[in-house]
Amino acid sequence: VTGTDLATVLTATVTTDTNFTCLVAFTDKGSIQESLTADVVTIETLDSFITTGETATVACTISDYIDAPVSASWSSDGSSLSNGGDLTIDDTATAPVLEEVNLDADKNYTCQFTFGTGDTAATVDQTVEVDFYLLTATSTLVLASTAPTLSCEISGTAASPSSVVWADDGGDLTSGANGDTITTDTWSDGNQTTELTVDPQSSDKTYTCRFHLSSTVNVTAEADVDVASITTVDAAAPVLCVDTTA
């Protein structure tokens, strides 16, 4: 209590919208009460997986609220963000979106939703992540009689890819089928390498390696088999040349 003001705070963990009653009793003067509601909202996020030259796009969508938020904002490392430069921001109150170009490393953003105004204002926030990776594919040049081996390496990923797949224009390949052998290393410290060895090819062919980074995000790279040939020429019989101009 400060002067004629009284403040009380209740902290509780709830999983659904919950009603609380604040009851203030006065000595010999009865009591007053106020009903309050803890509004449990749902925030869905869109993380981003990018590599060199791509634009990071992150988003938040809030739902299950009683009263809609009045505004939304973005920040990173404690600093507020706004439109301009490499940033494009859509601050729609219930579904803000942020785009940033020229990123070359992982980065975290925070979307914040504000409910109410003045003394009754309240905020909720959620972290959204950008995972920057590098994906390189190694092509090969072989003779038609040689079994080619191709490789792909992904580096910098914050979490292990859920699966790695090789494919050609006929679809996904299976190790051990049709002479194909696929070997994939265990993900470690943000890196993973996969290799594909196929039967000798008679012509050039392109293969695709595909890393599943999340349930909705796949990243791919193409590796080429360039088939070379060597043509031999038998030595011809000697030819006698006579200069008749003399």
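Me: In this predicted model, are C60 and C111 buried or exposed?

Reply: Both C60 and C111 are buried. The term applies to residues under 20% relative accessible area.

Me: What makes C60 and C111 a disulfide?

Reply: Their sulfur atoms lie 2.0 Å apart. A pair of cysteine sulfur atoms counts as a disulfide when within 2.5 Å, so C60 and C111 form a disulfide. The torsion about the S-S bond is -90 degrees, and the link is left-handed. C60 belongs to strand β5 and C111 to strand β10, 51 residues apart, and the pair thus links distant parts of the chain.

Me: How many disulfides does a search of the whole structure find?

Reply: The search finds two. The other pair is C152 and C209, whose sulfur atoms are 2.1 Å apart; the cut-off is 2.5 Å, so this pair also forms a disulfide.

Me: Why is the disulfide of C152 and C209 called left-handed?

Reply: The torsion about its S-S bond is about -90 degrees, so the disulfide is left-handed. C152 lies in strand β14 (residues 149-155) and C209 in strand β19 (residues 205-212).

Me: Why is C152 called buried?

Reply: C152 has a relative accessible area of 1%. Buried means under 20%, so C152 is buried.

Me: Why does C209 count as buried?

Reply: The relative accessible area of C209 is 0%, and the limit is 20%, so C209 is buried.

Me: Why does C22 count as partly exposed?

Reply: C22 has 24% relative accessibility. Buried requires under 20% and exposed requires over 50%; the value falls in between, so C22 counts as partly exposed.

Me: Which pattern do the disulfides of the protein chain follow?

Reply: With bonded cysteines counted along the chain, the pattern is 1-2, 3-4.

Me: Which residues touch the most other members of the largest nonpolar core?

Reply: Among the 19 residues of this core, they are V58, C60, W74, L98, Y109, F113 and V130. Two or more residues of the core come from each of β5 (56-63), β6 (71-76), β8 (87-90), β10 (107-115) and β11 (122-132).

Me: What does L98 touch, not counting residues up to four places away in sequence?

Reply: L98 touches A56, T57, V58, W74, L81, L87, T88, I89 and Y109. A second, separate core has 18 residues, including L150, W166, L196 and A221.

Terms used: Residues are numbered from 1 along each chain as its sequence is written. This is a predicted model: local features need pLDDT of at least 70, side-chain atom pairs count only at pLDDT 80 or more; totals for chains, interfaces and linings use all residues. Side-chain values use heavy atoms; hydrogens and water are left out. A nonpolar core is a set of buried Ala, Val, Leu, Ile, Met, Phe, Trp, Tyr and Cys residues joined through side-chain atoms within 4.5 Å. Buried means under 20% relative accessible area, exposed over 50%, partly exposed in between (1.4 Å probe, protein chains only). Helices (H or I, at least four residues) and strands (E, at least two) are DSSP runs, numbered from the N terminus. Contact means heavy atoms within 4.5 Å.
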